[in-house]
Amino acid sequence: MKFQLSTIAVLTVALLAGCNSSSDSSTNTVIRDGDPITPDMKIGLLADTQGFTSTNGHGTAIAQLTEVLQLYKDNGVTHVIAVGDLTDWGSINEYEDWIRLAKDSGMKFLSLAGNHEQNGGSAGDMTPKERFTHYMKPFIDDVVADGGTLVHYDDEQPYYSYAATFGNAMVINLSWGDFTGAFEWVKTQIENRPEHIQHVFVGSHETFLGGNRGGMAWSALNGGGIAENFDNWRQLFAQNNVTLVTGHDHIYSRSAIWTEGAAEQGLNIGQGDYFTEIVAGSASDKAYVYEKQQERLQSTMMARNLLINGWGIGGDMRDDWDADIFAQEGLKPTQQQVNASWFTITNDELSFEAYYDDFEQSHTWQDMGVTWKMLDRFTVGGERCEKLVHPSHIGETVAEQGYYDFRYTTEDCWSPEGTKARLIDGSNEVYSRINSMLAYARNQSGNKGDTWIENWYDWMVYDAEIPIGSNNNSGKHYQVDVTKPFNTGHPKFTELMTTGQDLNDLYMISQTHDMKKLVQLSWSAQQTNTVSEVLTISGIQGQTGSFANSSGYALDITQDRARHGTTVVDGGDPQYMDVTNKPLLDPTLLNEKSPNRTKTGHEWELDHDMRNGFLRADDYVFEFSIPAGLDAQDVTLAHLSIDNKWVPLLDSDQCLSKESYSSEFLSVLPNDIASNGCSQDLVMGLKDNTFWAKVDFEGKFAIVSK
């Protein structure tokens, strides 16, 4: 690694660079150890492992399950939440295959039943539910054996749905069919949890709002399912920092699910405004197409699917879908993905990593060599500040109105001990996007009824038309990119058509979804070799500029046309929305920031080494105040490297500007260091006892002694 250099190598580099000269009296070359990394636990997510392949018929996906568990074992995962569909047919043989591999892994498992565990009928004296609980009971008991607790949702059906505590975590698993009626019970478990529980996970097989079927939110539109407690579920999870982990869709995604009205608040994300849903993806031979996303209810930070041989475009298409749209949708992947992910818990800090690999046939995948690639990540602490950052194409006018922002700027974020940090400049230029499918987009069919329509507009979308006077040259309907109503109407991405005998058919306009960034600043305790608390910046360096059609076929975001969207034209009237194509991204910038984005199979890959790896973040600037009582001449700003070393951002104060930050420093050096041979990639200044730094990486930062 770059910082694992011998003393001779360090001195050689220092002598060669003017800015890094060791002859300067103010060098910052001391590299100190970070505190030992000792997580409390690592909790893996196990996506659907239902087999059903051409080689084994009904069964457990042995190849995928084997490799996912080996990855977990190699990375120190201690517990695993299996989010349902462990089997395809709920048979004894499938369970025994699954149990053998689980036991061999040496990890502890908390599983819930999916819809496929309801298959198979009775075998011997056991119903499908009884068969599931019979096989899972020993695993669940093992998790709580060392001082944990276990509460069953239904004492007459123990181990089917339950709440388990272990360490500083609580996992509430709701098996198939139990989520709808469990609100009061779940509320009691969460609100009455022991004081030492810092992390709460709720597991469900069905998604709350997934990219394929739409999840429980979609099925509740007619007034059934979770409709009665739709707002209450969101509020409960958001107020208690619950992470919802789900399966069923065979698509990986991570979204913020907003509480009632929170998505309309724009910049001001506070405690209780959202909860995180992670759809675990697939660990089988099954995959689905990306069908829908509801931007009023959710903001998606990452979504990836890969459906081998794609999905039929279907008939009954809209007249305004042209040849380019059909051609894009018709591109078919030749592989599909397998997913793995885990949480790392360290006191009140929660980190997450998600991985993928692609294969043509699972029975030959292992022989060809499994190559796991990081797909998604975040790190957040208990004390945090957050902002949802939109793609840069939403425009200055939207940002000026204070609704949504594409800039990396935040309010002051204070640590428990009174240290201040904030983001002060940069914009979201590197982001990923995905198309929703055409085949089901036209007609969701049937008489929806008044309840369905009312909930649709209350939960999912705004009832809006393109206002008179807006620049709608095409006469088409379009999606909502920016969900704030602007006191008038947005162009819409759906339309309700009244046909014969007042039947209301929902027509959905297929969309291109640009992923958002949930940027989080959080604080953790001062370390042995720092003189400040530790600031974690997360959410900026997690997208690669990838683009895929609804089957997951890789498109080029710098060349392939995205579908129509809406925005306020810069300089235009913020009361009106204008129709525009989502823009192509700058190839020069993307080739610099994300060189692997056109490398087959690696388009979505993140780099573990955030400071020196191949994937760079957008350039952004943050401030970090020096704690009271410290002399600014004795300290500097450092970053925690991939090998757990506190490495100063600058080797020498010759490249430390004394000027106040100015936005021009994103592209040019400050005058007082312009002739010192300093790098323009990382620019740092000190003014009024506060460091500012322009960087292109995220991670952990702290102030250290020189």
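Trainee: Which residues form one aromatic cluster together with Trp459?

Mentor: In this predicted model, the cluster that holds Trp459 is made up of Phe179, Phe183, Phe208, Phe230, Trp233, Phe237, Phe275 and Trp459 itself. Aromatic rings also come in pairs, and the count of these pairs comes to 30.

Trainee: Where in the chain do tyrosine 153 and tryptophan 185 lie?

Mentor: Tyrosine 153 belongs to the loop between strand 5 (149–152) and strand 6 (162–166), while tryptophan 185 is in helix 5 (residues 183–191), so that the pair links distant parts of the chain, 32 residues apart. Another edge-to-face pair is formed by tyrosine 661 and phenylalanine 665, with 5.8 Å from centre to centre and 80 degrees between the planes.

Trainee: Which charged residues sit over the rings of tyrosine 356 and phenylalanine 406?

Mentor: Over the ring of tyrosine 356 sits the charged end of lysine 373, 5.3 Å from the ring centre, and over the face of phenylalanine 406 lies arginine 407, at 5.7 Å from the centre of that ring.

Trainee: How many residues are in the largest nonpolar core, and which of them have the most contacts inside it?

Mentor: The largest nonpolar core has 73 residues, and Tyr72, Trp98, Met136, Phe201 and Phe343 are those with the most contacts inside it. Helix 4 (residues 128–144) supplies the largest share of this core, with 7 residues. Leaving aside neighbours within four places in sequence, methionine 136 is in contact with Leu86, Tyr95, Trp98, Ile99 and Ser111. Apart from this core lies another, of 41 residues, among them Leu423, Val519, Ala632 and Leu682.

Trainee: What is the mean pLDDT of the protein chain, and where is the pLDDT below 50?

Mentor: The mean is 86, and 81% of the residues reach 70 or more. The pLDDT is below 50 over residues 472–479, a stretch that has 27 contacts in the model beyond near neighbours in sequence, and also over residues 484–491, which have 32 such contacts. Where pLDDT is low, the predicted coordinates should not be read in detail.

Conventions. Residues numbered from 1 in each chain as written. Predicted model: local features only at pLDDT ≥ 70, side-chain atom pairs only at ≥ 80, totals over all residues. Heavy atoms only, no water. pLDDT = per-residue confidence, 0-100. Contact = heavy atoms within 4.5 Å. Core = buried A, V, L, I, M, F, W, Y, C linked by side-chain atoms within 4.5 Å. Buried < 20%, exposed > 50% of the residue type's maximum accessible area, 1.4 Å probe, protein only. Helix = DSSP H or I, 4+ residues; strand = E, 2+ residues; numbered from the N terminus. Phe/Tyr/Trp six-rings, centres within 6.5 Å; stacked < 30°, edge-to-face > 60°. Lys NZ or Arg CZ within 6 Å of the ring centre and 35° of its normal.
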